[in-house]
Amino acid sequence: MPGLVAQGVQIVGPAYDMLLDEWGEDFLAHGELDLRFVGMVVAGDSIEAGVDISPGGIASIDVVNTTSGKTAAVGRASLN
């Protein structure tokens with residue numbers, strides 16, 4: 001491995017924070033999160049999270065490792 005590998009929670013934390021900002025306590029009580037980790041993030045890498053929330057309560061999530069230029073995680077969230 002090229003260095004210490006970041007855990008999944010560290011990678012998607014910024015996206016999760018955006019969902020909480022948008023949906024608040026309802027997301028904690030009734031939300032659903034489905035993620036796929038598709039790339040590696042190591043210590044010292046930078047990431048950028050993108051969350052696109054539709055009016056129907058569905059969000060698409062994309063986390064990019066800006067250091068390598070590769071996608072690190074993709075998925076969706078919903079507020080049930």
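## Glutamate 48 and strand E2

Apart from its neighbours within four places in sequence, glutamate 48 contacts Asp62, Val63, Val64 and Thr66. The model is predicted. Glutamate 48 sits in strand E2. That strand spans residues 47-53. Glutamate 48 counts as exposed because its relative accessibility is 54%, and the cut-off for exposed is over 50%.

Histidine 30 is 18 residues away from glutamate 48 along the chain. Their C-alpha atoms are separated by 26 Å.

Valine 63 belongs to the largest nonpolar core, which has 16 residues. Val63 is among the residues with the most contacts inside this core, together with Ile11, Val12, Leu19, Trp23, Ile61 and Ala77. Helix H1 (8-23), strand E3 (58-65) and strand E4 each give two or more residues to the core. H1 supplies the largest share, five residues. In soluble globular proteins, nonpolar side chains tend to be buried together.

## Serine 78 in strand E4

Serine 78 lies in strand E4, residues 70-79. Is serine 78 buried or exposed? Serine 78 is buried, because its relative accessibility is 5% and the cut-off for buried is under 20%.

Which residues does serine 78 touch, leaving out those up to four places away in sequence? They are Trp23, Phe27, His30, Gly31, Glu32, Gly57 and Ile58. Trp23 is also one of the core residues with the most contacts. The side chain of serine 78 makes a polar contact of 3.3 Å with the side chain of asparagine 80. Glycine 56 is 22 residues from serine 78 in sequence. In space, the two are 8.8 Å apart, C-alpha to C-alpha.

## One salt bridge

How many salt bridges are counted? The count is one. The side chains of arginine 36 and aspartate 34 form a salt bridge, with 2.7 Å from N to O.

Arginine 36 is partly exposed, at 48% relative accessibility. Aspartate 34 is partly exposed as well, at 35%.

## A nonpolar surface patch

Nonpolar residues also occur on the surface. Met1, Val5 and Met40 form a patch there. Together they have about 340 Å² of accessible area.

Where is methionine 40 found? Methionine 40 is in the loop between strand E1 (31-37) and strand E2 (47-53). Methionine 40 is partly exposed, with a relative accessible area of 39%. This value passes the patch cut-off, because patch residues need over 30% relative accessible area.

Notes:
Residues are numbered from 1 along each chain as its sequence is written. This is a predicted model: local features need pLDDT of at least 70, side-chain atom pairs count only at pLDDT 80 or more; totals for chains, interfaces and linings use all residues. Side-chain values use heavy atoms; hydrogens and water are left out. Patches are made of residues with over 30% relative accessible area and no salt bridge: like charges are joined within 9 Å, nonpolar side chains (Val, Leu, Ile, Met, Phe, Trp, Tyr) within 5 Å. Accessible areas come from the Shrake-Rupley method with a 1.4 Å probe; for residues, only the protein chains shown count as cover. A salt bridge is a side-chain nitrogen of Lys or Arg within 4 Å of a carboxyl oxygen of Asp or Glu. Helices (H or I, at least four residues) and strands (E, at least two) are DSSP runs, numbered from the N terminus. Buried means under 20% relative accessible area, exposed over 50%, partly exposed in between (1.4 Å probe, protein chains only). Contact means heavy atoms within 4.5 Å. A polar contact is a pair of N or O atoms within 3.5 Å; within protein, one must be able to donate a hydrogen and the other to accept it, and residues adjacent in sequence count only if both atoms are side-chain atoms. A nonpolar core is a set of buried Ala, Val, Leu, Ile, Met, Phe, Trp, Tyr and Cys residues joined through side-chain atoms within 4.5 Å.
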